[in-house]
Amino acid sequence: MVAGYLSCSHSGSACWFWFCPLAFKAAVLIQRWYRRYVARLEMRRRCTWRIFQSIEYACEQDQIKLHNFFSYLMDHFTPSSSKERDFISRMFISGESFKEAELEKYCDYESMEVPDSYTGPHLSFPLLPDHATALLEAFKQKQQLHARYVLNLLHETRKHLKQLPNISHVSTCYSEEVTVCGDLHGQLDDLFLIFYKNGLPSPSKSYVFNGDFVDRGKQSLEILIILFTFLLIYPKEVHLNRGNHEDHMVNLRYGFTKEVMQKYKVHGKKILKMIQNVFCWLPLATLIDQKVLIIHGGISDTTDLDMLEKIQRNKFLLQVKSMYSTFFETSSSIQAMKKRQTCSQDGCGAPWVMSAGYTFNKLFQSFQILDILWSDPMPQDGCRVNTVRGGGCYFGPDVTGKILEKYNLQFLIRSHECKQEGYEFCHNRKVLTIFSASNYYEIGSNRGAYVKLGPDLVPHFVQYQANKTAHTLTMTQRISRVEESAFRALREKLFAHTSALISAFKAYDKDNTGRITLSNWATAVESVLQLGLPWRMLRPQLVRSTADGMLQYKSWLDDLAMEQRSQEHIQSSLLEVIYRNRSNLETIFRIIDRDHSGLISFEEFHQTWKLFSSHMNIELTDDGINDLVRSIDFNKDGNIDFNEFLEAFRLFFLDHCFWAVHAFSCLSTLLA
């Protein structure tokens, strides 16, 4: 051994050449293994991402369908009296429809007294930087601003916003740089982290916040208060764009309405009414140095910035009554709409009047707003309706190029879509998506980011994670955690469509064996859920492997039901219906609950039920509706809360009585 060692040491070069091939082979094997490992992680990440986005966009589709459903009822309901007509109108109008004097009187803050026991921050106007600092510290300590100050702030913000143009103009000449932030969605920690890293707004630190300040997160109101405060202190340095979530109907579904009412039980209705009106006055876009256009969603092939400048932005709802369905009943393409617009301007005839009572010109202007707030970019050329979200459009690189050339722009900045790294370029780096809510889907799912632009307009990005737990997770742990959350949501979605899945599976099971191929399983699932997911790739996480490649689908559905029943002890068939419709039921309840009290009065229920009965062609007498509402009021307090609303749904479903069939049959219409 020693001799061999010595001989090897004396002929070191020969030994090295003998060992070198083995080392290279080992290095290559390790490299291949690592690359495959990383590739598998990336594949899992992308699949997880698609699941989250598909479910999120499907929910947005439901929201627009729900709004259109109520709009349809309104258009086809004939009130029997002026009192009935006024009541129904009040139920569905939003903030911008409130008369000026009426709003001022309703939201009167001067009559409110701040008690001596109040220990939170105090505001006096005009606001000073110290007020903003006090608010930041108070919110970090979980303190709440008194309702008087909230309404006063909203009142002053509304006055300021009414003076602003639809498109704000920002110049880098007056500050060292402009910082652009994307969606925050009620995640206050992200805003705190942005200010910590980048500094507070000041005469030398300009900010553009690009919409979607509210919903989903739990501190949307605090974010609004902070942003509005800085807006009033630094009106030339702080700019706010409207997002698709700055909308009354969207807030009913995604949590902001509920948040305000929980935090301000006495004056919440007034605060909500004023916020609705403030949202209507938010600017629609921002231009930096006339070269960079900042909009929340995107553009279309009919986007006209000159028209956007002139639109009375407070007059338009984001989801105008069934606009898309109404338009496509009468026109085959967006280009046809553009041609009609040109014709009306040239005096070819009277403006086109829609069936819902909208002139063509007004409809075209509404599309302008919808497109910039709801649209998404796509890699292919062209422009088509965004059927995934249910609003706006998909626009391609050619559309981007034409808009940039037409208005002499360098690139677009938009938000509206969660990105794993917090930002993403597309369309040959001419479109930049910036998203500032980190951990949006789950802890570790994504970073937040903001972008800084100097006089050279070269974007510089800052990324962050606002959650401390995310920093402690390895890549594998982070992906596994997010993946688990995504598949849990997907299994809930599958369970919620059990009945439809059984019908789809039976179409492939001609001999009624209770078994189908895994390929047919994937096809059937997509035909029911229509999420556009790679089901064959996702199958191993959803279906146990089988030796013969066949699936016993009834057993698989039973396993899904068992998993959900372990969380909620409710009959499986009923639980399926509740899972599928709970979000719609909550939104319907909040729409009926016009005063946001958390209770439906007998009168509110009575008038709304007349809408439903007219849609379902059911003749209901006033006595019949009164009997129904009294039976739902289980605690006999003269009102219906949401638990009673759901409990009625449960009992009627179990008993299969007449009202169960008709009262909730409209829910299938909402998602048809």
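**Helix packing and nonpolar cores in a predicted model**

Tutor: In this predicted model, the cover over the buried residues of α10 includes α8 (220–233), α9 (248–254) and α11 (268–280).

Student: Which residues of α10 are called buried, and what makes them so?

Tutor: In α10, residues 256–263, they are F256, T257, E259, V260 and M261. Buried means under 20% relative accessible area, so each of these residues falls under that cut-off.

Student: Why are α6 and α11 called roughly parallel?

Tutor: The axes of α6 (residues 147–161) and α11 cross at roughly 15° and come within 10 Å. Angles under 35 degrees count as roughly parallel, and therefore the two helices are described that way. Their crossing is left-handed.

Student: Which residues make the contact between α6 and α11?

Tutor: From α6 they are A147, V150, L151, L154, H155, T157, R158 and L161. From α11 they are K270, I271, M274, I275, N277 and V278. By class, this contact has nine nonpolar, three polar and two charged residues.

Student: What makes a set of residues a nonpolar core?

Tutor: Its members are buried nonpolar residues joined through side-chain atoms within 4.5 Å. The largest such core has 59 residues, and L145, L191, F209, F213, I226, L240 and I271 have the most contacts inside it. Helix α8 gives the largest share, ten residues.

Student: What does L191 touch?

Tutor: Leaving aside residues up to four places away in sequence, L191 touches L184, F209, I223, I226 and L227.

Student: Which residues does the second core include?

Tutor: This separate core of 38 residues includes A58, Y441, L494 and L560.

Conventions: Residues numbered from 1 in each chain as written. Predicted model: local features only at pLDDT ≥ 70, side-chain atom pairs only at ≥ 80, totals over all residues. Heavy atoms only, no water. Buried < 20%, exposed > 50% of the residue type's maximum accessible area, 1.4 Å probe, protein only. Helix = DSSP H or I, 4+ residues; strand = E, 2+ residues; numbered from the N terminus. Contact = heavy atoms within 4.5 Å. Axes fitted to C-alpha atoms, helices over the stretch in contact; angles between N-to-C directions. Parallel < 35°, antiparallel > 145°, perpendicular 65-115°, else oblique. Left-handed = near helix turned anticlockwise from the far one by under 90°. Nonpolar A, V, L, I, M, F, W, Y, C, P; charged D, E, K, R; others polar.
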